[in-house]
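Open the model in your viewer and keep the selection tool at hand. The tour makes a few stops.

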Amino acid sequence: MNKAAKDKKWGMIMHLAAFSALLFPLGLVIGPLIVWFFKKDDSRFLYKQGRNAINFQLTILLIAFIITIFSALFRPLVLIAVLVGIAGLIFAGIAATKANNHITYHYPFSLKLIK
């Protein structure tokens with residue numbers, strides 16, 4: 001497998017690692033973080049993919065956490081927190097598809113926590 005094909009595969013895996021949240025909630029961030037930690041130095045493309053995935057998933061986690069806190073006051077917000085999580089997984093799927101085409105995906109409304 002050539003370098004470009006490996007980069008595409010690992011870039012896709014970085015984004016799909018967010019689906020580990022289906023097994024445990026913090027997997028949303030920990031999954032991409034683990035893959036990025038081991039692959040970030042392999043290429044600039046992988047560094048960018050991992051950074052974007054982690055920044056976005058941290059943003060989703062932060063939004064869901066804040067909404068969950070406020071849901072103690074207003075119960076319907078729990079549903080919104082769940083929808084935010086689902087949206088995060090949908091965008092991760094879109095980003096994985098883009099990475100598989102060797103395109104750097106920029107998530108919408110993502111905080112730039114890792115530069």
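At what angle do the axes of helix α1 and α3 cross? Select residues 3-16 for α1 and 44-70 for α3. Their axes come within 9 Å and cross at roughly 10° (lines fitted to C-alpha atoms, for helices over the stretch in contact, with angles from 0 to 180 degrees between N-to-C directions). Therefore α1 is roughly parallel to α3, a term for angles under 35 degrees. Helices here are DSSP runs (H or I, at least four residues), numbered from the N terminus.

This is a predicted model, in which local features need pLDDT of at least 70 and side-chain atom pairs count only at pLDDT 80 or more, while totals for chains, interfaces and linings use all residues. Residues are numbered from 1 along each chain as its sequence is written, and side-chain values use heavy atoms, without hydrogens and water.

Next, select D7, K8, W10, G11, M14 and H15 of α1, with F45, L46, Q49, G50 and A53 of α3: these make the contact (heavy atoms within 4.5 Å).

Now select A21, L22, P25, L28, I60, L61, A64, A81, V82, G85, I86 and L89, which line the largest pocket. A pocket is an open set of points on a 1 Å grid over the protein atoms alone, where a 1.4 Å probe fits, with protein on both sides within 12 Å along at least five of seven lines; lining residues have an atom within 4 Å of a point. Of the lining, α4 gives the largest share, five residues.

Last, colour by pLDDT, the predictor's confidence in each residue, from 0 to 100. The mean is 89.

Methods:
Helices (H or I, at least four residues) and strands (E, at least two) are DSSP runs, numbered from the N terminus. Angles under 35 degrees count as roughly parallel, over 145 as roughly antiparallel, 65 to 115 as roughly perpendicular and the rest as oblique.
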